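Please consult the sequence and the structure shown below while reading.

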Amino acid sequence: MPSSERWRAFLAERLDAAGPAPGERVLAVFDASRAWAEEFGPRGCSMVNAHAEISDPAHPAHPIITGQKRWMLALFTSLAAEIAPETADSTARTLMLLHEGALVAHGLGVFPDAIAGAREQARALLS
């Protein structure tokens, strides 16, 4: 199974366990990323890593890489729309930036527990 499909299944389990509250489901995305990193290694996001090697939009892998990131943004948008529909796009983009930045910072070891730090910033954003 490709990495993106494994991640989506892994995330779906954690979203289901988080229950129906959209704020808790947003935080579950960060929890899932942290658990994924602990279970599968500290190298960060495989799609970000792949893009570092394959940045040519003409490469056949490029749509898979960008498609995964668009899927994540759509997920954050749908969750944000359940919380505050009028600001869903802006909130989703901020959540995406927090999430992606945390993955990169985690993969590079920039500072301890970057994903947990981003989760707390997401919690503050949603409150």
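His99 counts as buried at 3% relative accessibility, where buried means under 20% relative accessible area, exposed over 50% and partly exposed in between, for a 1.4 Å probe and protein chains only. The residue is found in helix 5 (residues 88–108). Beyond its neighbours within four places in sequence, His99 is in contact with Val29, Phe30, Ser33, Met72 and Phe76; contact means heavy atoms within 4.5 Å.

The model is predicted, with pLDDT of at least 70 needed for local features and 80 or more for side-chain atom pairs, while totals for chains, interfaces and linings use all residues. Residues are numbered from 1 along each chain as its sequence is written, and side-chain values use heavy atoms, with hydrogens and water left out.

**Overall fold**

The protein has six helices and zero strands, and its elements run α-α-α-α-α-α from the N terminus on. Helices (H or I, at least four residues) and strands (E, at least two) are DSSP runs, numbered from the N terminus. Of the 127 residues in the protein, 35% are buried. Among contacts with a separation of 6 or more, 61% are between residues 24 or more positions apart.

One of the contacts of His99 is Phe30, which lies in helix 2. Phe30 is buried, with a relative accessible area of 1%. Not counting residues up to four places away in sequence, Phe30 touches Phe76, Leu95, Leu98, His99, Ile115, Ala118, Arg119 and Ala122. Phe30 and Leu103 are 73 residues apart in sequence, yet their C-alpha atoms are 9.5 Å apart in space.

Two packed helices are described by the angle between their axes and the distance between the axes. The axes of helix 2 (residues 22–40) and helix 6 (residues 114–126) come within 10 Å and cross at roughly 175 degrees. Helix 2 is therefore roughly antiparallel to helix 6. From helix 2 the contact draws on Gly23, Glu24, Val26, Leu27, Phe30, Asp31, Ser33, Arg34 and Ala37, and from helix 6 on Ile115, Ala116, Ala118, Arg119, Ala122, Arg123 and Leu126. These residues divide into nine nonpolar, two polar and five charged.

As to the terms, axes are lines fitted to C-alpha atoms, for helices over the stretch in contact, and angles run from 0 to 180 degrees between N-to-C directions. Angles under 35 degrees count as roughly parallel, over 145 as roughly antiparallel, 65 to 115 as roughly perpendicular and the rest as oblique. Ala, Val, Leu, Ile, Met, Phe, Trp, Tyr, Cys and Pro count as nonpolar, Asp, Glu, Lys and Arg as charged, and the others, Gly among them, as polar.

**Aromatic rings and charges**

The structure holds six aromatic pairs. Rings of Phe, Tyr and Trp (its six-membered ring) pair if their centres lie within 6.5 Å, and planes under 30 degrees apart count as stacked, over 60 as edge-to-face and the rest as tilted. The pair of Phe10 and Trp36 is edge-to-face, because the ring centres are 5.1 Å apart and the planes stand at 80 degrees. This pair links distant parts of the chain, with Phe10 in helix 1 (residues 3–18) and Trp36 in helix 2, 26 residues apart. Phe10 is buried, with a relative accessible area of 8%, and Trp36 also counts as buried, at 15%. Trp7, Phe10, Trp36 and Phe40 form one aromatic cluster.

Asp113 is placed in the loop between helix 5 and helix 6. Its phi is near 55 degrees, a positive value in a residue other than glycine. Most residues other than glycine have a negative phi, and most peptide bonds are trans. Asp113 counts as partly exposed at 35% relative accessibility.

Ser78, found in helix 4 (residues 62–83), is partly exposed, with a relative accessible area of 36%. Ser78 and Val26 are 52 residues apart in sequence and 9.9 Å apart in space, C-alpha to C-alpha.
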